[in-house]
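Biologist: Can you take me through this one? I would like the overall make-up before the details.

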Amino acid sequence: MTSLRKDSVPEGPVPEDGVPEGAVPGRRVRGRGGRGGPGGPAGVGGPVRKAFSSPLASVFVIAMTVLWTIPTLGLLVTSLRPKQDVTSSGWWTALLHPDFGLGNYRSVLFEGGSGASTGLLPFLVNSLAISVPATVFPLVLAAMAAYALAWVRFRGSDAVFFTVFALQVVPLQMALIPLLRLFAGGAHLGSLTLIPAVDLKGSYAPVWLAHTMFAMPLAVFLLHNFIAQLPRDLMEAAVVDGASHFKIFRSIVLPLSAPALASFAIFQFLWVWNDLLVALTFAGGTPEVAPMTVRLAQLSGSLGGRWELLTAGAFLSIIVPLIVFFSLQRYFVRGLLAGSVKG
Amino acid sequence: MSVSGSASPVAALAGAASPVAALADGRLAGGAWGDAAVKFGNTFGAVAGFLGILLVVFLVAGRARGRLARPLAVGVFLGPAVLLLAVGLVVPLVRTVYLSLQNDDGSRFVGGENFGWALTTDSVQEVLLNTLLWLVVAPLVATGLGLVLALLVDRMRGQAVYKSLIFMPMAISLVGASIIFKFVYESRGPGQPQIGLLSRLAVAVGWDDPPNWLLSQPLNTFLLMAVLVWVQTGFAMVVLSAAIKAIPDEVVEAARLDGASGLRLFWYVTVPMIRTTVMVVLTTVMIITLKAFDIVRTMTGGNFGTQVLANEMYSQSFVQFNTGRGSALAVILFLAVLPLVAYNIVQLRKEREVR
């Protein structure tokens, strides 16, 4: 889906829900007034929606919204309640008799739970230390590759682009075992060592590398779509002025691609922060490198009944993506509609 | 370069914040804050080093003129990405296929034995059956609910709030979502107060002794699917809502003049116009469903008859170290995903050509 095209990225009036009008596969919105304000006339698309807008429809939507929100609310409320309250009554009773505090967060961050030697703090630090480089690396490298494929024509560039494009079909499960072996044992061809074994234990490098590798196909594809649409005149003018490709990339391509870069960056950050599979495989479960998701998956089993701690830990891990999500929802949706869904 | 401007302040800020905090809270956990400072320092160093090296390479390579300039540019721009893809995806892809034809410690070629094992062993058959069930139910429910919501929400006052709240789970990790729902499904013995919402609701409607939900087969598999539906419905809603808004006015107008309205308008105009998008959403959720192992792993660990392919692949490969079998399961997963992704890509191409 091609909403990453420059012309379909509206800087001005974006609907309040952050969905850019027209950022839809295949079709464009033709000027329509129809966001039917409260009580107002319902644009031209009205009839379709009108059929579904009755008190019953509103009740359904509100019920769904409540249903969709309650589980997270329960998590938040429970994480703020004292231990004895959590085990003796449901969290909903606390809405009537609130007795909230941050004690659980202190416990879970610094003391750990039963059987845990450390709190969650190191894991939270790891999540951030993994996510930021694992977003920056693929972003920059993919932008470079996308520029080369779009604007530095050479023999075979189409073949390279198609290969990158096709690699999107490979589930990362297919790469885990060989890649883990490569990181642990190096690469050898007979007795010839192609890549030596490097001791990367206790380092973030394997996780960064793995995320960067797995992000490449989608990142190159998405950024290529955008960068290829940049105005040709601008590029040609720069060449005439004697600018090198490196100069053009830095001073024209990167600044103009900011919306696409932002979309991908948010996507990649959320993806890495929320990832379990890659982290579990390449970081193991130690406080030195494992992120929050890995630790929480462990605690989900071992902390069994300690819901006051588990909920606080879970909330700590979801608060960062929620902040990113709510503050940058517009870019997130834009990226989503551009097809940045990976697995 | 301009990217460094956006990336490094984040790391720099993080690096600067932790020593301050270390002073403030030194008594409580001095070691932890010290560690954090070191880790952020390393991370910041890695990002800065990465961007610094690139900048130097750019400056040096940018000086090249003449016939060498173009090949050099191609090499510098494309080299890292191609290398990463080759080492990280292409070679592993071939190796995994090769490993799937060998026995579990990789010492003997066994042909299709691992695939035979996967297709004939009872426990794995159950896994494949569960996976199929997930593949059918979860995407259909998520897409269906998303479509209904997309149709209904647009006319409502304060629709942005509803949309945001339903879309929100998309930002939460599947591990986080699993813990959220594990708490909803929490079940306790009779006589104890129920603190799980589902159990409490069951009691409220007169079911005095509700079962331990996550242990009751086959109900538990559907309860796990609910987590994925919870996460993916917002995605379906947002994408489909955008597609509905993009239906050209003339089409709706013409249909209305012809006397179509209400459900008929929906069924004969809206649905055909957004059919492609519906299919893309459906297949996308299917792909996510196939690959997701986090939910099963976090909620039941694959026990109690809830195991799915992606988690079994992980267990075989990295818990039991049965490399051959794990690789065979990875290949099966790949073959299952392949037609779905291929379909999506073809659709994408078509739409691009239409433009």
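**Chains, core and packing**

Modeller: Chain B has 15 helices and 0 strands. Helices (H or I, at least four residues) and strands (E, at least two) are DSSP runs, numbered from the N terminus. This is a predicted model, in which local features need pLDDT of at least 70, side-chain atom pairs count only at pLDDT 80 or more, and totals for chains, interfaces and linings use all residues. Residues are numbered from 1 along each chain as its sequence is written, and chains are lettered from A and ligands numbered from 1 in the order in which they are written.

Biologist: What is the secondary structure of chain A?

Modeller: Chain A comes to 15 helices and 2 strands.

Biologist: How many residues of each chain count as buried, as a percentage?

Modeller: In chain A 50% of the 343 residues count as buried, and in chain B 46% of the 355 residues do. A residue is buried if 20 or more other C-beta atoms lie within 10 Å of its own, exposed if 12 or fewer, and partly exposed in between, with C-beta atoms placed from the backbone.

Biologist: And what share of the contacts comes from residues 24 or more positions apart?

Modeller: Counting contacts with a separation of 6 or more, such residues account for 67% in chain A and for 67% in chain B. Two residues are in contact if their C-beta atoms, placed from the backbone, lie within 7 Å.

Biologist: Now the interface. How many residues of chain A are in contact with chain B?

Modeller: 115 residues of chain A are in contact with 128 residues of chain B. Helix α5 (residues 121-151) of chain A supplies the largest share of the chain A side, 16 residues. By class, that side has 75 nonpolar, 30 polar and 10 charged residues. Here Ala, Val, Leu, Ile, Met, Phe, Trp, Tyr, Cys and Pro count as nonpolar, Asp, Glu, Lys and Arg as charged, and the others, Gly among them, as polar.

Biologist: Which residues have the most contacts inside the largest nonpolar core?

Modeller: They are A142(A), A145(A), Y147(A), V207(A), L223(A) and A81(B), in a core of 204 residues. α5(A) contributes the largest share of this core, 22 residues. A nonpolar core is a set of buried Ala, Val, Leu, Ile, Met, Phe, Trp, Tyr and Cys residues joined through C-beta atoms within 7 Å.

Biologist: What is A81(B) in contact with?

Modeller: Leaving aside its neighbours within four places in sequence, A81(B) is in contact with L141(A), A142(A), M144(A), A145(A), M216(A) and V220(A).

Biologist: Different topic. Why is α15(A) described as largely enclosed?

Modeller: Because 9 of the 9 residues of helix α15 (residues 329-337) of chain A are buried. Among them are Q329(A), R330(A) and R334(A). The buried residues pack against α11 (258-274) and α14 (307-327) of chain A, together with α6 (159-167) and α9 (219-245) of chain B.

Biologist: At what angle do α15(A) and α9(B) pack?

Modeller: About 75°, with their axes 11 Å apart. Axes are lines fitted to C-alpha atoms, for helices over the stretch in contact, and angles run from 0 to 180 degrees between N-to-C directions. The two helices are therefore roughly perpendicular to each other; angles under 35 degrees count as roughly parallel, over 145 as roughly antiparallel, 65 to 115 as roughly perpendicular and the rest as oblique.

Biologist: Which residues meet there?

Modeller: V333(A), L336(A) and L337(A) in α15(A) meet F235(B), V238(B), V239(B) and A242(B) in α9(B). The residues of this contact divide into 7 nonpolar, no polar and no charged.

Biologist: How many residues of α7(B) are buried?

Modeller: 11 of the 11 residues of helix α7 (residues 174-184) of chain B are buried, including K182(B). What covers them includes α2, α13 (292-302) and α14 of chain A together with α8 (197-204), α9 and α13 (294-299) of chain B.

Biologist: Where are the domains in chain A?

Modeller: Domain 1 is 48-101 and domain 2 is 121-337, with bounds from an automatic or database domain assignment. The contact takes 7 residues from domain 1 of chain A and 6 residues from domain 2 of chain A. On the domain 1 side, α2(A) gives the most, with 4 residues.

Biologist: Last one: is A290(A) buried or exposed?

Modeller: A290(A) counts as buried, with 23 C-beta neighbours inside 10 Å. The place of A290(A) is in the loop between α12 (277-283) and α13 of chain A.
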